[in-house]
Amino acid sequence: MLGRRRWVMAIVALGASALGLFACTPKDAPQKEAAGKDPSIPAAAEPWKVGAYLSLSGAETQFGIETKEGIELAVDEVNKKGGVKGRPVKVFYEDNKSNPQETNNKVLQLITRDKVVALLGEVASSRSTIGGIVANKHKIPMITSSATAPEVTQIGPFVFRVCFTDDTQGQMGAEFVVKTMGKKRIGILYASDDVYSSGLATQFRDAAKKLGGEIVVEKSFIKTETNFTTYINEIRDAKPELVYAPIYYNAMVPIARQAKAAGMPGSMFVGGDGWDAETLLQDAGEEMEGAYFTNHYAPDVPWPNAQAFLKAYKERFKRDPSSLSSLGYDSAQLLFDSMGRAKGDTPEAIRDAIAETKNFAGATGTITIDPNRNADKSIVIVQIKNKKFTYFAAVNDKAQKP
Amino acid sequence: MKILNALITGLAQGSMIALVALGYTMVYGILKLINFAHSEVFMMGAFIGFFAITALGGKDAPVLAGVGGTLAAMAFAGLLGMIVERIAYAPLRTRGKGKANTRVTPLVTALGMSVLLQNLAQLLFTAQYRGYPQLLPIEDTRKVIFIAAFSVMSALWFVVHKTWMGKAMRALSVNIEAARLMGIRTSRVISITFITGSVLAALGAVLYCLDQSQVYPTMGVVIGNRAFVAAVIGGIGSIPGAMLGGLLIGIIGEMTKLTAYSGLQDVLVFTALIAVLLVKPTGLLGKASIEKV
């Protein structure tokens with residue numbers, strides 16, 4: 001039976017990548033033309049070559065496309081302003097098909113064939129690690145927009161990120177629950193075979209205990225599970241004041257419905273950025289009313305840059321941006337800002353400028369690059385209210401409050 | 001109290017698994033074929049149920065949508081089961097005789113059919129998870145599941161043991177060739193077996209989704225595995241065996257969740273499978289004798 005599953009997965013991946021290819025080809029074409037014809041770009045100036053490797057097909061197509069939209073917006077904005085140091089920016093997009101081997105090839109191609117001075121990508125931590133190793137080896141600075149695994153920036157001095165790490169997210173979740181909400185008796189529910197979910201649960205547990213919280217019940221399930229009643233009954237019987245559930249949105253839908261049936265309202269749940277999906281609101285908006293989660297972004301954050309980005313994005317793509325779009329936008333903007341500040345045009349000079357970034361005003365908050373090349377920034381607490389994601393607060397003891 | 005609650009959840013869960021397991025067991029009983037596409041018929045049934053329930057008004061008209069959606073899903077799945085049999089299995093049975101390896105080839109086409117249907121679903125419905133409309137409170141849904149599953153299974157038992165068609169099915173399970181020589185239209189009986197199994201799978205699928213909220217193209221894999229194991233534990237080919245196996249797996253699963261080792265649910269289920277097969281290779285209610293179905 002195992003063999004069969006693997007087969008099924010392989011074929012599904014193949015089919016999905018084929019679909020993805022079809023889905024993104026037509027979008028690509030007009031974009032390139034538009035960039036070439038932009039009248040505001042001085043024709044003579046040699047453009048900056050920047051590489052972006054993304055999952056534009058395959059399993060994570062959606063994430064890749066959203067990120068690309070953010071980058072495109074940032075590129076257009078910077079070119080409209082006359083580029084960086086009087087030179088326009090040209091981004092070379094490469095599709096790694098959500099695949100590790102392809103990632104290696106595409107990043108090498110960007111560096112050796114296209115001679116890019118910097119790299120943007122990837123959405124997933126696993127593929128950012130692969131790209132990061134290549135970039136670091138060739139001494140090309142790389143900024144990942146949404147890889148949250150702590151290991152990614154530990155690769156070496158050329159790898160940076162603009163999102164927070166899973167560690168920080170778990171700790172900030174604990175801080176919010178124990179300090180801000182003042183809850184002491186806490187339950188945890190997570191997927192034990194998912195690195196993201198169990199990683200956040202571990203960080204949260206340790207931080208909450210340090211802050212004086214008590215974990216009264218802890219239950220874990222495997223990702224294929226859809227019937228949570230028994231877990232929920234056990235959690236309910238332990239009478240926690242709040243339940244931390246760092247789970248992806250698709251598992252959260254049955255959990256929310258079954259929890260409500262068992263007498264646990266949505267307001268008892270706190271989650272992580274895995275909840276950030278429209279589907280959660282559509283399918284369990286009622287049941288999740290009042291729940292909180294830590295996120296990169298909320299559509300209504302009161303920061304000026306976020307609002308400007310939101311407006312520009314809505315105008316161009318006719319819908320609200322996701323976290324991934326806003327992080328893609330920030331990764332590109334932060335890179336262009338660093339290129340402008342850099343003391344030379346070489347990848348090394350750009351790297352140094354990225355490392356020195358302080359108080360960069362991005363769409364996802366004020367970003368300072370810390371000595372470990374991670375983004376020191378606020379985490380947004382989002383509340384589900386009237387079937388909408390709404391801004392509740394920003395937490396981070398280190399970063400500047402907006 | 002804790003154990004009682006888990007037992008009730010396990011029974012509801014188990015009766016759905018049993019409904020799906022019946023499809024595996026009936027087809028195996030007659031053709032000695034593991035129909036791996038069965039789990040995908042289950043998934044397709046769930047999707048059709050979803051669209052029908054939504055079209056019929058969903059939450060606003062729970063009775064009409066529930067009954068209508070279930071019937072639509074059952075009708076569609078029955079048709080799909082028949083088509084799958086006609087396209088992928090029947091030609092091998094008639095044309096491949098003597099040429100093909102009659103044990104392995106149908107198994108491979110069954111796998112192929114399963115992959116095909118799963119990808120077709122991704123193509124048609126995208127890989128996204130969809131929330132099923134909640135027609136009834138979850139407690140009531142579970143009662144409905146239990147009652148529906150058991151009345152349908154009893155009806156099936158009656159059909160197989162008390163009607164002419166059942167007699168024909170049992171005859172085929174003993175010896176297809178002999179049955180044909182006796183004047184039974186074997187291909188029609190086989191078709192009806194596939195249709196019956198698929199209809200039950202679709203019923204299971206709609207109930208499963210109403211209880212567990214979501215429908216997505218790969219959902220057949222999980223429940224299909226469990227149902228297949230249930231059929232084998234109970235003694236593949238035996239209808240009461242599939243029911244017993246389904247209930248056992250449902251209950252074992254829920255009981256595991258009460259312990260600290262909740263991730264080991266599938267490990268325990270498969271350990272139980274191996275243990276049963278070591279002690280009684282034919283499964284709990286399986287007979288080494290000839291009559292199967």
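Why does B:Lys143 count as exposed? Its relative accessibility is 52%, so B:Lys143 falls in the exposed class. Exposed means over 50% relative accessible area, buried means under 20%, and partly exposed lies in between (1.4 Å probe, protein chains only). The structure is a predicted model, in which local features need pLDDT of at least 70, side-chain atom pairs count only at pLDDT 80 or more, and totals for chains, interfaces and linings use all residues. Residues are numbered from 1 along each chain as its sequence is written, chains are lettered from A and ligands numbered from 1 in the order in which they are written, and side-chain values use heavy atoms, with hydrogens and water left out.

B:Lys143 has a charged partner. Its side chain meets that of B:Asp140 in a salt bridge, at 3.7 Å from N to O. A salt bridge is a side-chain nitrogen of Lys or Arg within 4 Å of a carboxyl oxygen of Asp or Glu. Both residues lie in helix α5 of chain B. They are three residues apart, about one turn of the helix. B:Asp140 counts as partly exposed because its relative accessibility is 30%. Helices (H or I, at least four residues) and strands (E, at least two) are DSSP runs, numbered from the N terminus.

Helix α6 (residues 164-174) of chain B has buried residues, among them B:Met165, B:Ala168, B:Met169 and B:Leu172. B:Arg170 is also one of the buried residues. The cover over the buried residues of α6(B) includes α1, α5 (138-162), α7 (176-181) and α8 (186-212) of chain B. Contact here means heavy atoms within 4.5 Å.

Helix α1 of chain B spans residues 2-31 and contains B:Leu4. B:Leu4 counts as partly exposed because its relative accessibility is 47%. Together with B:Met1, B:Leu7 and B:Ile8, B:Leu4 forms a nonpolar patch on the surface. The accessible area of these residues together is about 410 Å². Patches are made of residues with over 30% relative accessible area and no salt bridge; like charges are joined within 9 Å, nonpolar side chains (Val, Leu, Ile, Met, Phe, Trp, Tyr) within 5 Å. Accessible areas come from the Shrake-Rupley method with a 1.4 Å probe; for residues, only the protein chains shown count as cover.

Chain A has 12 helices and 15 strands. Buried residues make up 59% of its 402 residues. The chain exposes about 16,100 Å², and carbon and sulfur atoms supply 55% of that area. Among contacts between residues at least 6 apart in sequence, 66% join residues at least 24 apart.

Five strands of chain A form an open sheet in the order β2-β1-β3-β4-β5, with parallel pairing. Two strands pair if DSSP finds at least two bridges between them. β2 (89-95) and β5 (159-161) of chain A stand at the edges. Each has a single partner strand, so one side of each is left without a neighbour in the sheet. The twist averages 25° from one strand to the next. Strand β1 (residues 48-54) of chain A pairs with β2(A) over seven bridges. There, A:Ala52 has A:Tyr93 as its bridge partner. A:Thr144 stands opposite A:Arg161.

β2(A) is mostly covered, with five of its seven residues buried. A:Glu94 counts as buried because its relative accessibility is 12%. A:Glu94 forms a salt bridge with A:Lys106 (3.6 Å, N to O). This pair links strand β2 to helix α3 (residues 100-112) of chain A, 12 residues apart. A:Lys106 is buried too. A:Glu94 also forms a salt bridge with A:Arg113, with the closest N and O atoms 3.1 Å apart. A:Arg113 lies in the loop between α3 and β3 (118-120) of chain A, 19 residues from A:Glu94. Elsewhere, A:Lys68, A:Glu72, A:Asp76 and A:Arg316 are linked in a network of salt bridges. The structure holds 29 salt bridges over all chains.

Three strands of chain A form an open antiparallel sheet in the order β11-β12-β13. Strand β12 (residues 365-369) of chain A pairs with β13(A) over two bridges. A:Thr368 stands opposite A:Asp376 in β13(A).

Key
Axes fitted to C-alpha atoms, helices over the stretch in contact; angles between N-to-C directions.
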